[in-house]
Each structure stands twice: as C-alpha cells, then as structure tokens.
Amino acid sequence: MAGEDIKEDIKNDIKADKKTLRTGLKETFGSRALLGIILSALLMLLATLMSQGINNYLYADYFKDTKALSLSAMLQLPVMVILAAFSTKLAVKFGKRECGIAGMLLSGILYVVIGLLHVENVWVYIGLIFFAMIGMSFFSMQCYALVTDVIDDNIDDKEVKTGKRDDGTIYGVYSFSRKIGQALAGGMSGWALAFIGYDELAVAQTEQVAKGIYNISTFFPGIVYLLGAAVLFFIYPLSKERVESNVAELEKRHAK
C-alpha cells in the first residue's frame, strides 16, 4: 500500500509540474509585456556573455595587447558610477521602457560604427567602447537594478486586464527564462570562434581570423542591442503613460 501511495504522489507531482509549465508558457506568450521584457533581457544577456567570452581573444589576437584587457574590464565601474547619479531620475521622468530603448539604441549604433571603423589602436578602441558601454549599462540599470519595478509593471498590467495579481507565476517565468538564456548563451563564444576558424594550437592566428574576432566583438553586440531596442519598441507595450494609467486604475479599484 505504501508503495502505491508513493507512486500516486509521484504521478500527482508530475501532473502538477506539467500544469505549471503549461501555465508559464501561456503566461509568457499570452502577455506582450512579459514576452517583451523577457526577450529584451535575453538579448542583452546574449550580447554581454558573448562580449565577455570573446574579449580575451580580441586583445590577445587582434590588438596583441593583453594588458589593455584589464583596463577595459575596469571601465564598467566608472560607467555605473556615472549612471547611478541620474539613471533613476531619467526613468521616472521619461519611463523605463523609453530609457531602455534609448540605451540599447545608443550601444547598438556605437558598436556597429566601431565595427565599420576597424579600429587598430587599442586605446582608441577602449575609448569608443567606453561610450558604447554607457548605453548598455543604462539599459542594464533599467532592466536589472530596477528589475522589481519592471516586473511589478507587468504584474499591474495583468491585474488591470484580468483582475488577477499573479506575482509568483510572473516572477517564476522571468527567472526561468533567464536561466535558459544563460545556459544557451554560455557556449556562444566558443561556437563563434570555431565558425571563423580559430586554431587554439597555432602560435598566432591568421589575419583573417583576427579580423573575424574583431567583427564578432563589435557587430554581434551591435546587432543584438538594436534588436533589443526593436523588441522594446514594437512588443513591450508598457510606456510611461501606460504604467501611470495602470497604477491610477489599480488605486481606484483598491480604494473601493
């Protein structure tokens, strides 16, 4: 009898997991707001992990200056300090969606321009990347540092539409989606290097491979950031006006 009870419990758990998965998929693809923020966050994650994975090869095989890599990595700190002073104020004034679009557009355009320039001086490259990182970090602060507010906007939007406030499901779907994105993006740099013919046993890479590394380091994040801006603009519907309207509507309902 005990064995049968355990089997029954396992079956019930499996059914519950399947129901949760179906609910999560329905929540994701049935909500433009949730789908938009998940896609934009995943695109940024993809671009960031690719850049982190390929940077070692960029400075070693293209610029042939590995010491400059440490300085490039340190740029993130002053960028975040600068943005911390006014990022939240801009988000309040113009909206998180609007600021996210601006940040991704800035980074995307600058990365593409840097790719077209084929910069050979490592210090000029680092200077240009500093400005490209401002846009990326600006979106990052809107999407991650303010992630609770962004997801709360989605929860409010659902409550206005359906009358239900499903915090747990929305947070769960967002978190699960990011984990999947991290798993998929983890090996991207290795696949990209293999695609351009990188030879890890060679003493030095060919000029064609070195240029391929540079192109991946610039054009890939540039295109991905522009796609992220497009997702926020065309899919994610929670503009500043929409968020404020939802908040006002919920305040009316809760006051009754």
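A: Helices and strands are DSSP runs numbered from the N terminus, a helix needing at least four residues of type H or I and a strand at least two of type E. This is a predicted model, in which local features need pLDDT of at least 70 and side-chain atom pairs count only at pLDDT 80 or more, while totals for chains, interfaces and linings use all residues. Residues are numbered from 1 along each chain as its sequence is written, and side-chain values use heavy atoms, with hydrogens and water left out.

Q: How do you know that the length of helix α6 agrees with its number of residues?

A: The expected span of a helix is 1.5 Å times one less than its number of residues. For the 22 residues of α6 (residues 96–117) this comes to 32 Å, and the end C-alpha atoms are 32 Å apart, so the two values agree.

Q: Which residues of α6 are called buried, and what makes them so?

A: Buried means under 20% relative accessible area, exposed means over 50%, and partly exposed lies in between, with a 1.4 Å probe and protein chains only. In α6 the buried residues include Arg-97, Cys-99, Gly-103, Met-104, Tyr-111 and Ile-114. Over the protein chain, 40% of the 256 residues count as buried.

Q: Why is Ile-109 called partly exposed?

A: Ile-109 is found in helix α6, and its relative accessible area of 48% is the reason why it is called partly exposed.

Q: Where does His-118 lie, and is it buried or partly exposed?

A: His-118 lies in the loop between α6 and α7, where it has a positive phi of about 50 degrees although it is not a glycine. Its relative accessible area is 37%, so His-118 is partly exposed.

Q: What makes a set of residues a nonpolar core, and how many residues has the largest one?

A: A nonpolar core is a set of buried Ala, Val, Leu, Ile, Met, Phe, Trp, Tyr and Cys residues joined through side-chain atoms within 4.5 Å. The largest has 40 residues, and those with the most contacts inside it are Leu-58, Tyr-59, Phe-63, Tyr-125, Tyr-214 and Tyr-225. Two or more residues come from each of α2 (32–62), α4 (76–84), α6, α7 (122–145), α10 (188–195) and α11 (207–234). A second, separate core of twelve residues includes Ile-38, Ala-41, Val-173 and Leu-232.

Q: Which residues does Tyr-125 touch?

A: Contact means heavy atoms within 4.5 Å. Not counting residues up to four places away in sequence, Tyr-125 touches residues that include Leu-58, Phe-63, Ile-114 and Tyr-214.

Q: Why is the pairing of Lys-211 and Glu-207 called a salt bridge?

A: A salt bridge is a side-chain nitrogen of Lys or Arg within 4 Å of a carboxyl oxygen of Asp or Glu. The N to O distance between the side chains of Lys-211 and Glu-207 is 3.2 Å, so the pair meets this rule. Both residues lie in helix α11, four residues apart, about one turn of the helix, and a search of the whole structure finds one salt bridge. Lys-211 is partly exposed at a relative accessible area of 41%, whereas Glu-207, at 57%, is exposed.
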